[in-house]
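Please read it alongside the sequence and the structure shown here.

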Amino acid sequence: MGFWQIINEKGWYFLTSLLGGWPATVTVAVGSLVFALFIGLIIALLRLSNWRVLRILSTAYVEIFRGTPALVQLFVIYFGLPDVGLEPSPFQAAIIGLGLNGAAYMSEIYRAGIESIHRGQMEAALTLGMTPIRAMRYVVLPQALRTMLPPITSFAIVLLKDTSLVFAVGVVEIMALTRNLVTETLQSAPIYIMAGLLYLCMTIPLSRFAARLERQRQAWQ
Amino acid sequence: MFDLPQIYAENIQRWLPELLYYSLTTLKIALVSFILAIVIGVFLALLRISSVRSLRLFATGFIEIIRGLPIVVLLYIVYFVPPQLFPELDWRWFSDFTGAVIGLGLHGGAILAEVFRSGIEALHKGQREAALTLGMTPTQSMTYIIFPQATRIVLPPVANYAIGLLKDTSLCSLIGVNELMNDAKGIAFADYQPMAVFVLVAAIYFAMSYPLSLAVRHLELKLNISR
Amino acid sequence: MIKRSSETGDNQPLLKIDNLQKKFGDLVVLDGIDLEVHRGEKVSIIGPSGSGKTTLLRCINYLEKPSGGHIHIDGMLIGEKQINGKYVHLSDRELAEERRGIGFVFQRFNLFPHLTALGNVTIAPQKVLGLTRDEAERRGRDMLTKVGLGHKIDEYPERLSGGQQQRVAIARVLAMQPKLMLFDEATSALDPELIGEVLRVMRQLADEGSTMVIVTHEIQFAGEVSDRVIFMDHGKIVEQGPPRDVLFNPQQPRTREFLQHIQER
């Protein structure tokens, strides 16, 4: 059958099948984003800590998670942990895996953001009698967060794209359904292209939004 | 988990040589994709700054689409779509290795195109003007003045891309390429030792990427001092 | 490409600007400039910021493309060609040949940071004029010595002071042996103590008979070195003449106002 013929006859079926994976994709993306935002902040603060041990440990964390592929990390969690008694579900493995991986990258974003706030701000807060933690919470972080918005948005887009990996640990998201559908119908071209378009519908608007945020941030400086 | 050392002691002599052999495939993929990415990246960057509007728009759109796709999806599209769309052509040469390299190369080219473009544009407009006022043609100003300086600027991002590329080769396992990740899966499930094998493989990837990271950081420091 | 020769007389001006106009969108920056500069003449252009003096200079070597009017150098139309009776701007590639004869010194020097001083001075003679490396280096050394930097030929720009960098920039222009030299506020970006060394070089060039058009804020220097001073405001030439007239006995009220302002600083 010709390419366009297939699209005509089966296009709707393909689309609805693939869209069935959309909730899972978004769940993994959002879940790992939240995970990464929290753990990343902790790691970043540890890296800026006064205790050498904490600094070394957190740096090691970042180097290891950034120095190894996410796919390997997912496999270690999903296939490896059962060896020691823990049995994560595909979803859990996906969110924890991408989350831990993402935390390493997020910690760098946090660090850059915090360091971009002038030392003077911290010093002024301290001289007003705030503890370092209070100074962080009320003076430095609020300002840093504003500058970090564009890179965090970009990072979220990366996470969204990374969800396309998690079918390898059993999560039934868009890519998993794509592969199933291809096996079922043997029509690889239209289905893979459709999957691509689905991702583009999510990533392109988000990228443009992130670019706009970046421009606003430049203007604001 | 605490019997890991024992597991390794028993099996490492069998596992390691095989894993290292497939690491070479990984490095091969990375190297060829890297070169392809640079070629495509330069080409796209020049299109992006071209004075011909249609070329500019094409390059911009192309880059935006490639960058918006997950690498996995791009690999699947590059490897599976052309043979189905053009069955009349001879596809025997199109191995999964080739498909993977083209896919990674396209993806890298789109990323590097932006790096190259901002590297060229970061140079103060005055450099180009000074070159032109001395009677150089635009091509000459590019060759002798802009490119040499831009190269220095783009070196760190390009090196960082290379490190990411090394890790991304693991995604090729998902379209069936026989590289490190794929081999690891085979061994892990054949010997019922997923934890041990995958941690070992992680260490191998780390051993490949960490020295590169250090080298890049060293490079960045050196470049900053000479500025 | 047909070049038009406007006059064939011996005494034709080196630079002839007819009714030059330049607009940036709706903003009129040059409002009809007519100017002649003869060989060996030194012309200074003064005026407030925004008067268009820098734009005028940048139009002469077509760094900016004029919106109207024509420019002739040595009788030859530059920057444009005629296609079917209409004037069309030349591309940067076509302009390259014409630009060889026009030297331009920038306010911010624009030295090439990846080349030494000697490298900066020799790259154009080699790549544009086709000199051999030895010939270019010989010429380069001479020019750098001439501006007082013979001992710095192997230094990179970042190791040179602002005044030294600007002098290298001048040497770089001299190495191309231009017919006409344009200076765009050559000393405005320099610390006060460094201005003198650059002005000294410019004075030397003036004494040697170079044809120079100098946009500057250094009124005193303009008076000492120029044959003619031009005062521009709002894109027009308000007044021009010998320094003693324009600077010490200005006819136009705007000129007077401007000069008073400068003295008050």
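In which sense, right-handed or left-handed, does H4(A) cross H5(A)? In this predicted model, H4(A) passes H5(A) in a right-handed crossing. The two helices, of which H5(A) covers residues 90-116, pack at an angle of about 135 degrees, and their axes lie 9 Å apart. H4(A) and H5(A) are therefore oblique to each other, given that an angle over 145 degrees would be needed to count as roughly antiparallel. On the side of H4(A), the contact is made by Ala70(A), Gln73(A), Leu74(A), Ile77(A) and Tyr78(A), while H5(A) contributes residues including Pro90(A), Ala93(A), Gly97(A), Leu100(A) and Asn101(A). By class, the residues of the contact of H4(A) with H5(A) divide into 10 nonpolar and 3 polar, with no charged residue.

H2(A) can be examined through its length and its buried residues. This helix comprises residues 22-47 of chain A, and at 1.5 Å a residue its 26 residues should span 38 Å, which agrees with the 36 Å that separates its end C-alpha atoms. Among the residues of H2(A) that are buried are Ala24(A), Val28(A), Leu33(A), Phe35(A), Gly40(A) and Ile43(A), and Arg47(A) is also one of them. The buried residues of H2(A) pack against H3, H5, H7 (132-162) and H8 (174-185) of chain A.

The loop between H1 (3-19) and H2 of chain A is the place of Gly20(A). With 15 other C-beta atoms within 10 Å, Gly20(A) is partly exposed. Gly20(A) and Gly99(A) are separated by 79 residues in sequence, and their C-alpha atoms are 23 Å apart in space.

Turning to the contacts between chains, 2 pairs of chains touch, and the pair with the most contacts is that of chains A and B. Chain A and chain C, by contrast, do not touch, and their nearest C-alpha atoms are 23 Å apart. The two contacts that do form are set out below.

| Pair of chains | Residues in contact | Classes on one side |
|---|---|---|
| A and B | 30 residues from chain A, 31 residues from chain B | chain A: 19 nonpolar, 8 polar, 3 charged |
| B and C | 16 residues of chain B, 20 residues of chain C | chain B: 8 nonpolar, 7 polar, 1 charged |

For the contact that takes 30 residues from chain A, the elements of chain A that give two or more residues to the side touching chain B are H3 (52-67), H4 (70-80) and H9 (188-220). H9(A) gives the most to this side, with 11 residues. Where chain B meets chain C with 16 residues, H5 (125-133) and H6 (138-168) of chain B each supply at least two residues of the side that touches chain C.

Two residues of chain C deserve a separate note for their backbone. Glu185(C) has a positive phi of about 50 degrees although it is not a glycine, and this residue is found in the loop between S9 (180-184) and H6 (192-207) of chain C. His234(C) likewise has a positive phi of about 50 degrees without being a glycine, and its loop runs between S11 (228-233) and S12 (236-241) of chain C. Is each of these residues buried or partly exposed? Glu185(C) is buried, with 20 other C-beta atoms within 10 Å, whereas His234(C) is partly exposed, with 15 other C-beta atoms within 10 Å.

Note on methods
Residues are numbered from 1 along each chain as its sequence is written. Chains are lettered from A and ligands numbered from 1 in the order in which they are written. This is a predicted model: local features need pLDDT of at least 70, side-chain atom pairs count only at pLDDT 80 or more; totals for chains, interfaces and linings use all residues. Helices (H or I, at least four residues) and strands (E, at least two) are DSSP runs, numbered from the N terminus. Ala, Val, Leu, Ile, Met, Phe, Trp, Tyr, Cys and Pro count as nonpolar, Asp, Glu, Lys and Arg as charged, and the others, Gly among them, as polar. Axes are lines fitted to C-alpha atoms, for helices over the stretch in contact, and angles run from 0 to 180 degrees between N-to-C directions. Angles under 35 degrees count as roughly parallel, over 145 as roughly antiparallel, 65 to 115 as roughly perpendicular and the rest as oblique. A crossing is left-handed if the near helix is turned anticlockwise from the far one by less than a right angle, and right-handed if clockwise. The expected span of a helix is 1.5 Å times one less than its number of residues. A residue is buried if 20 or more other C-beta atoms lie within 10 Å of its own, exposed if 12 or fewer, and partly exposed in between; C-beta atoms are placed from the backbone.
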